[in-house]
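Work through the exercises below with the sequence and the structure at hand, and try each task before reading its solution.

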Amino acid sequence: MSDQFTVGSHTFQSRLLVGTGKYQDLEETGRAISESGADVVTMAVRRTNLGQNPNEPNLLDVISPDTYVLLPNTAGCHTADDAVRTCRLARELLDGHTLVKLEVISNSRTLYPDVVETLAAAKTLVAEGFEVMVYTSDDPLIAQQLEAIGCVAVMPLGAPIGSGLGLQNPYNIREILETVSVPVIVDAGVGTASDATVAMELGCDGVLMNTAIAEAKDPIKMARAMRLAIESGRLAFEAGRMPRKRYADASSPETGLIE
Amino acid sequence: MQIEVNGKSETLEPMSVAEYLAHADLVGKRIAVEHNGEIVPKSQFEHVELRDGDRLEIVHAIGGG
């Protein structure tokens, strides 16, 4: 598809953004990501295991920064300070790469974003030259504030992270789409292909997902399903759907019938 | 001296960050290092000396969403 979209200084071919968590092994991760057609691939930053298996394969050997645009996340951070430190470490880890996914989490029950800490972290990161793609709630006012701070994309949840419940908030997502001008990417909540299509049909610029692919019975096949679902949803959005009607409207002419 | 590396206490001879990374078998690995809350660029590994009570965080990339 020639349909491109731009986030900050980056232009992407695919509107599907994928995570690398929860796969059985790195081999499966690599195959699923490849099948998804995604350009943007998220990763986490964690303490290196010291003194354990020094030849353990590294995610970056499978998901090469030369092939994919890596999007380090701040998953697991509960404060703005920890999120900012994680982004600085990620920038060092990826040789000066400034695109990050900011997420500051409230609690493990909901993994709902702590928007107060998120706003604080976003301000610091933007001031330090990061290009911030920000995981946030579906509150349109917060999305507008994050845009005003200078985030390059706002990424509201469609449902809680890892829940697979599908888009529970289409009206809020639509309101965000109508009131911010940076790309809007649904991040979290997609369970299956039709959920991704619904997000794209609403006019979202992209969808970020991890669990829906990684926890499918066949992740490789689901990665392909998601790739097609995103493309279908985007095409349908661009094509413009027919109006909904209350009653039937025959497709075949109602004149010229035999008697 | 005693330093804390990734939350664990270690007793070591005085050394630089570069020497510590060699000691921990991390030379050439894709890692990033924070020393007392400040990033240590790779070019500075040899020049930053560890002192008693210092804290190091050594991180790498793993799967995540």
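A salt bridge is a side-chain nitrogen of Lys or Arg within 4 Å of a carboxyl oxygen of Asp or Glu. This is a predicted model, in which local features need pLDDT of at least 70 and side-chain atom pairs count only at pLDDT 80 or more, while totals for chains, interfaces and linings use all residues. Residues are numbered from 1 along each chain as its sequence is written, chains are lettered from A and ligands numbered from 1 in the order in which they are written, and side-chain values use heavy atoms, with hydrogens and water left out.

**Exercise 1.** Find how many salt bridges cross the interface of chain B and chain A.

*Solution.* Applying the rule across the interface of chain B and chain A gives 5 salt bridges.

**Exercise 2.** Determine which strand of chain B gives the most to the side that touches chain A.

*Solution.* Begin with strand 3 (32-35), strand 4 (38-40) and strand 5 (55-63) of chain B, each of which supplies at least two residues of that side; strands (E, at least two residues) are DSSP runs, numbered from the N terminus.

**Exercise 3.** Describe how strand 4 of chain A is joined to strand 5 of chain B.

*Solution.* Two strands pair if DSSP finds at least two bridges between them. Here 5 bridges join strand 4 (residues 40-47) of chain A to strand 5 of chain B, and the two run antiparallel. Within strand 5 of chain B, Ala61(B) is the bridge partner of Val45(A).

Methods. Helix = DSSP H or I, 4+ residues; strand = E, 2+ residues; numbered from the N terminus.
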